[in-house]
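Me: I'd like to go through this one label by label and see what each is based on. Could you put it up?

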Amino acid sequence: VGSLTNWSKAVCGGPSSAAIKTDGTLWAWGRNDFGQLGLGNTSTYSSPKQVGSLTNWKELSHGFQNTFAIKTDGTLWAWGRNDSGQLGLGNTTNYSSPVQVGALTDWSTVAFFVKHVVAIKTDGTLWAWGANNYGKLGLGDTTNRSSPVQVGALTNWSKVAAGYNHTAAIKTDGTLWTWGFNNEGMLGLGDITNRSSPVQVGALTIWDSISCGRVHTVGITKQT
């Protein structure tokens, strides 16, 4: 893609992509029917286009119809499709430009898949919002949320990943937890029963990373 040598991070989601350069600028390209590129319109672009002019973008999560990003100041921003409240803005209005989610400045990482979002703050708390069919937000019910809601009260979450209808996360103690839809056994719990709250997967305490697909989950453990 071009000849530049200053790309830092890149993420893909269906028919569109987004990336951050080493100078902190944010770029996007591809399909844009819900404004998921953040360019203030719904036009499709076949080359990278800069999103605004800011140079303080740090973390990025981009999917089929949405984008979420964290700035160096710890603020969380969202744009794109919002029919299930997945932007976390307290409404169901689509946005074609970045909009800040609340006023907090302690967001650390964010992940999502189509219509639900999960994020971890710097204090180790876990938060979720958006569509909640099958209990994939981990809140013990199946009610959609249009604003971030804390998952339990624990402060030891370190990594999180979102699948189409399920979620997986790792705690600082190395344990792995999953919840949501489980018809293909993607929760790794040895059954096909859905869960609406986090459930520990096995007894291992050496999980290092986790990733979710549409109906599967993969993880890597630390060497011992």
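This is a predicted model: local features need pLDDT of at least 70, side-chain atom pairs count only at pLDDT 80 or more; totals for chains, interfaces and linings use all residues.

Me: Why is strand S2 called mostly covered?

Reply: Six of the six residues in S2 (16-21) are buried, and buried means under 20% relative accessible area. Side chains in a regular strand alternate between the two faces of the sheet. Here one side carries Ser16, Ala18 and Ile20, the other Ser17, Ala19 and Lys21, and all of them are buried.

Me: How do you know that S2 pairs with S1 and with S3?

Reply: Pairing takes at least two bridges. S1 and S2 have six, in the antiparallel sense; Ala10 and Ala19 are bridge partners there. S2 and S3 (26-30) are also antiparallel, over five bridges, with Ser16 partnered by Gly30. As for the hairpins, the one of S1 and S2 has two residues between the strands, and Gly14 takes a positive phi near 65 degrees. In the hairpin of S2 and S3 there are four residues between the strands, and Gly24 has a positive phi near 85 degrees.

Me: What makes S5 and S8 edge strands?

Reply: The open sheet runs S5-S6-S7-S8, with antiparallel pairing. S5 (57-62) and S8 (95-100) each pair on one side only. On average, neighbouring strands in this sheet are turned by 15 degrees against each other, direction ignored. S5 is joined to S6 (66-71) by five bridges, against the two that pairing needs, and Trp57 stands opposite Lys71 in S6.

Me: What makes up the lining of the largest pocket?

Reply: The space in the largest pocket is about 480 Å³. It has 22 lining residues, and Ser61, His62, Val110, Ala111 and Phe112 are the closest to its centre. S9 (107-113) gives the largest share of the lining, five residues. Elements giving two or more residues also include S1, S5, S13 and S17. By type, the lining divides into 13 nonpolar, seven polar and two charged residues.

Technical notes
Residues are numbered from 1 along each chain as its sequence is written. Side-chain values use heavy atoms; hydrogens and water are left out. Axes are lines fitted to C-alpha atoms, for helices over the stretch in contact, and angles run from 0 to 180 degrees between N-to-C directions. On a 1 Å grid over the protein atoms alone, a cavity is a set of points where a 1.4 Å probe fits but cannot get out, and a pocket is an open set with protein on both sides within 12 Å along at least five of seven lines; lining residues have an atom within 4 Å of a point. Grid points are joined across faces, edges and corners, and a volume is the space filled by probe spheres set on the points. Ala, Val, Leu, Ile, Met, Phe, Trp, Tyr, Cys and Pro count as nonpolar, Asp, Glu, Lys and Arg as charged, and the others, Gly among them, as polar. Buried means under 20% relative accessible area, exposed over 50%, partly exposed in between (1.4 Å probe, protein chains only).
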